[in-house]
Amino acid sequence: MIEHAYIIPLLQLFAFVLIVFFLRWREPLSAACSIAMIAIGWVMSIVVLIEMIGCHGVAYEAYFYLTAFASLNFEIGILVDPLTAVMLMVVTTVGGCVVIYSVGYMKGDPRFSRFFSYLSLFLFSMLGLVLANNFFMIFIFWELVGLTSYLLIGFWFEKKVASDAGKKAFITTRIGDLGFIVGLLLIAVYTGTFNFGEVFDKAGAGVIPAGVLTVIAVFVFCGAVGKSAQFPLHVWLPDAMEGPTPVSALIHAATMVAAGVYLVARTMPLFVASAEAAMVVAVIGLITSFIAASIGLVQNDIKRVLAYSTVSQLGYMIMALGLFGYDSAHNHHSAGYVAGTLHLMTHGCFKGLLFLGAGSVIHAVHTNNIQEMGGLGPKMRTTAITFMIASLSIAGIFPFSGFWSKDEIIATVQHHPIFMFFTLVIAFMTAFYMWRLCFLTFFGKPRDQRKFDRVHESPRVMTWPLVFLAFLSIFAGWVALPWLHHGYSSFVYYGEIHHAGPNYLLMIISTIVALSGIGLAYLIYYKQAISADRLAERFKPVYTLLYNKYYFDELYDLILIRPLMAFARFMWTFDARVIDGLVNLTGSATILWSDIKEWFDTWIVDGAVNGIGWLVKQCSAVLRFLEPGRVQFYVLFILAGIVVAALAKFEGAFIAARWPVLSAICLAGLLVLGLLTRFAEAGQKEIQAAADAADMNAEGQEQ
Amino acid sequence: MSQAADVSIVFWILSFVILVCGFLVVSLKNIFHCALCLVLCLTAVAGIYILLGAEFLAAAQVLIYVGAVSVLMIFAVMLTSNLASHKIVQTNQNTMTAFFACLVFALGAVVLIGGTKVWRYATDVLPAENVLTIGKLLMTEFMLPFEVVSVLLLAAIIGAIVLAREEGS
Amino acid sequence: MFHYLTLAALLFSIGLFGVITRRNTIGILMSLELMFNAVNINFVTFNRYIMTDGLTGQIFAIFIVVVAAAEATVGLAIVLLVYRNWRGIDSDNYAVMKW
């Protein structure tokens, strides 16, 4: 079955295609299709796991060569090793539960089929991601996961908050992906290949310069930072709670955010080779974990609390893996790899359960605000019990799953004092806020009576996944019992098997921390011995800071969003002005050109035509002179002609040689004189007319 | 008989009168004075004729021109003109042009005449009996022109009478 | 002979000037008479100095005189007619055929 592991994702893709093209209008069928495919995938994953255990964790790789580009091979292939097998199990299990749960949760939603198609597409992307054998392929599926996450978060896009959340998730993870791409490119440049095995061989052999290796590792980690919502890109996860609760359960508890952790685990050779990068990873993980846990203390939205809890737990995993890399780089044994991956598995189970349970509560009460809940325990028994089981698990109480994974994590940090301190603090806070949630939701008196009256237990299709996951929450971590010799740590490991015996001291410490956390929550919220409000008043600044999520969103808005929007607005204005300006310029130029042509036409063309007319008129004005209708003029012209003829016939040498010129001069002179006298005549006529008038006046007076 | 040397003082006097009167004819404002000058001019021309040995012509000139045509002109002047006004301009606008044109013409003619080197001077003299010879020629050689001219005169008379007749008379 | 010819030429020019220039129609006619006379002088001169046999020049001059008289007659009749119709004999007004 291992050789056919690629079928598992393909089945989901098949489900997606089927629903989108054929089953969209038959809602029960689309749900059934999704469930069927994931169920088959689940079964196949079990088989894969069994075979993996059977062959003692020998990795299997098969690939299909696609193309080469400048000596860089592009291939798609699968790599199945114990880590992959475990991830397959997690994804298919939680995925299956969520799909079944969604049948009840999304009942009546107008886009029911679309939801299942998205779920199937997401499962395809995630399964492809865990099966990938090279960086290129993992990147493709990485992006697909991001895309489907966007689609699913913004599923109820009519709500602006939801569509904004989807955008935020996509953009924030994209920033991380940018780093991931840079890392990929550096890998391609320095190793000339994308294949995991080859890259890690080269990294281990020292082919890549040390500084570059650190840089590559940090950049690859950037992708994990984005996808797993680590500091500083953690801001999208709480907002992503706007999506339907099954989405939150699947994506933001168990699978997508686990992709980052999986990536770090998969690329561990890089971090082992570079201690600095590993420390960066660990520190970021710790910071994230602390910040998120502290915020989660005071949130009132049930899903928000769970979201911050997720971020915090992911920080745990990242920190563990980072410390593993650091320790391995210094050739120390570390339980980090086992801790991180084990916690990934158990976290998937109980966080998934927590989200689905929260979804069940929300479905019943129709509100997310825990301040409006209370006393739901008796009314929603299954939900309440499973929820509390998960809470115990996450708090790390013996013998639940969470206890074993948290123990491993504490074992990882035991040699790092600062990390140890903060880890315990975080464990305390985790226990506290989870049980705060429980007490406020399921115990006590109902705070909103109207909502309380309508509460009922969720349908069985929703509660069965809860039960199943609760079962896993209790027992799934038992594979890592420290007394087992061939337990989890013998299966999923890095380098060599590190089998530490049970450390009872650590177990006791973690149990005390967890119980104290639960105890404090009990005191404040159940017994009401210490007033939460008074505490909030006492630590008002701290409370405000925590309540407002350390103002991260506001900070990002100020630094990044506003300038970017201003820039975009500026570009738009500039673009509109320039483009419009150009268009107007073209229009103006055309108008100008046509004006020029009009001028040209009027003045030059028409002018030429009119000019010819004017010229003719002037010539005629001159020539009119020749035909005045007065005989006396004619006599003059005859005389002129006689003069010319006489000159022509002259026999004297001087004149005979120049008679044309002389005759022309004579004629011209005649012409000039004629024109002169013509104008003089006008004056003469006026004088004459005036004289006549005066004369007539005189005569009149005389008479 | 002889060339240009044969000019006496009479010629000069007569030509002076002719030219002056001629000029006055063309330039005086009062048309009546013009007519009078014309008479004087024509009379002087008759004198020239006598100098040139054309007695009959001189007589005819005096009779016809001075006696009849000039009188006719004076009649016409008195019938049509506004005599008394001094403000009438008698020349049209072409004065200068015409002056220069005629000047050129006159100069050209004089130069032409002066420049002619070969004149085929006659060797014979004029017939002694001028009137007789003319009479004879008119009746013999120039019979046809004589008759035609008579007819022409008749036509002119009739035409003039027809033209100048009062309406309805 | 040159003197006579010169005289004739000058007289002709004077007459020509008058024909072209005079506004009064009768003035034109008078100038025309001058021209005729100049021509006559010319003819008679040539008759006297160049071609003396036959008195052709004088005969011709006689005919010219006669025709000139006839022409003056008719011309003046026309002038009278013009005066009757147009109340003036200003030759400037004769530009009826002017284009």
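Author: An axis is a line fitted to C-alpha atoms, for helices over the stretch in contact, and angles run from 0 to 180 degrees between N-to-C directions. Helices (H or I, at least four residues) and strands (E, at least two) are DSSP runs, numbered from the N terminus. Keep in mind that this is a predicted model, where local features need pLDDT of at least 70, side-chain atom pairs count only at pLDDT 80 or more, and totals for chains, interfaces and linings use all residues. Residues are numbered from 1 along each chain as its sequence is written, while chains are lettered from A and ligands numbered from 1 in the order in which they are written.

Now find helix α26 of chain A, residues 631-648. It packs against α1(C) at an angle of about 140 degrees, with the two axes 7 Å apart. That makes α26(A) oblique to α1(C) (under 35 degrees counts as roughly parallel, over 145 as roughly antiparallel, 65 to 115 as roughly perpendicular and the rest as oblique). On the chain A side, A:Q632, A:V635, A:L636 and A:L639 make the contact, and on the α1(C) side C:L16, C:V19 and C:I20 do. Contact here has a plain meaning: the C-beta atoms of two residues, placed from the backbone, lie within 7 Å.

The crossing is left-handed, meaning that the near helix is turned anticlockwise from the far one by less than a right angle (clockwise would be right-handed). Among the residues of α1(C) that meet α2(C) are C:L16 and C:V19, and both also belong to the contact with α26(A). From α2(C), the residues involved include C:I28, C:L32 and C:M35. The residues of the α1(C) and α2(C) contact divide into 15 nonpolar, 7 polar and no charged.

Chain C also meets chain B: 74 residues of chain B are in contact with 63 residues of chain C. The largest share of that chain B side, 13 residues, comes from α3(B).

Note on methods
Ala, Val, Leu, Ile, Met, Phe, Trp, Tyr, Cys and Pro count as nonpolar, Asp, Glu, Lys and Arg as charged, and the others, Gly among them, as polar.
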